[in-house]
Amino acid sequence: MRPFRYHRPTDVAEAVALLDREPDAAYLAGGTNLVDLMKLGVQRPGLLVDVTRLPLDTVEALPDGGVRIGATVRNSDLAAHPVIRREYPVLARALLAAASGQLRNMATTGGNLLQRTRCPYFQDVSKACNKREPGTGCAALHGQNRDLAVLGWSEHCVATHPSDMAVALAALDAVVEVHDRNGPRQIPLAELHRIPGDRPEQETTLPRGALITAVRVPASPLARRSTYHKARDRASFAFAAGSVAAALDLAGDVVRDVRIAYGAVAHRPWRAYRAEETLRGRTFSPDLAAQAADVELDAARPLRHNAFKVPLIRNLTVRALAELAGQP
Ligand code: SF4
């Protein structure tokens, strides 16, 4: 373990100023990812700025019917919150499908969004990895890539984003509240994470030192009829082999509106806009859901070991939407 300094700021402005001033500082929240990466030598911060005591740990109902989730709300508390369970079942289910109970008790909302890829080559400092060390290559591209991307990847990086929660929030049109040196601002969650392009080390659109302070989820007639389906190698806890967040609003059997997002297929949560467009205004059936998934997945480029993800996501899409339509 390398030595590092530790500081606990008293407010958001102090935390942001510290990150701004110290180039090798990092925010510490639940530590469920960062501490592991420090042990592996993947991340080597010289200063940890512990944000867990900042007053960011509440879930508030908003006047417009939405909800504001503080960045340090623990994943287990969020999954159990009565408003989340009742109004946003896709979010509660995604959280409960993620990690173990012990990890959910520690992991925070902001940290969950910013967790790093679980690409095994990223976590092994003896392997080439453009994300860890830009310009060194991507050992995964022609290595073991079963768990990696089928959509939106580049020859520079084929990693996937590991969060389940972020996939649900992408389907719910959530907005992220951020503080940086210029003050507060909001970023649509769909614009928070990047596809890798030729800069895989740059995972989000956040400027250096920005702190996520909350996530806003708008009220929506869709959200109450929403669900999350995740396929994984073991039922107890594991990262997704593929996942689908879906929300559906029907008028009779006709799709009035729909939201679909895919997980474990790309460098970011993958909002399935083309699938949604295929479904809107048409009479729902499982066959139509499969057709919509095919339209979205037409852009998929499987790697050597992960072609199974395409039919997997197709089947999960059909299963999730058919459940919501009452046509399982
Ligand atoms: Fe690194 Fe991305 Fe390649 Fe994995 S896929 S080795 S994270 S560059």
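Me: How many bridges join E6 to strand E7, and in which sense do they run?

Reply: In this predicted model, six bridges join E6 to E7 (residues 183-188), and the two run antiparallel. Val176, for example, stands opposite Ile187 in E7. E6 and E7 form a hairpin, with two residues between them.

Me: What makes E6 and E8 count as paired strands?

Reply: Pairing takes at least two bridges. E6 (residues 175-180) and E8 (residues 211-217) have five, in the antiparallel sense, so they qualify as a pair. One place to look is Val178, whose bridge partner in E8 is Ile212.

Me: Why is Asp20 called partly exposed?

Reply: Buried means under 20% relative accessible area and exposed means over 50%. Asp20 has 36% relative accessibility, so it counts as partly exposed. You can find Asp20 in helix H1 (residues 12-21). Asp20 and Asp180 are 160 residues apart in sequence, yet 8.5 Å apart in space, C-alpha to C-alpha.

Me: How do you know that both faces of strand E3 are covered?

Reply: In a regular strand the side chains alternate between the two faces of the sheet. In E3 (residues 47-50), Leu47 and Val49 lie on one side, with Leu48 and Asp50 on the other, and all of these are buried.

Notes. Residues are numbered from 1 along each chain as its sequence is written. This is a predicted model: local features need pLDDT of at least 70, side-chain atom pairs count only at pLDDT 80 or more; totals for chains, interfaces and linings use all residues. Side-chain values use heavy atoms; hydrogens and water are left out. Buried means under 20% relative accessible area, exposed over 50%, partly exposed in between (1.4 Å probe, protein chains only). Helices (H or I, at least four residues) and strands (E, at least two) are DSSP runs, numbered from the N terminus.
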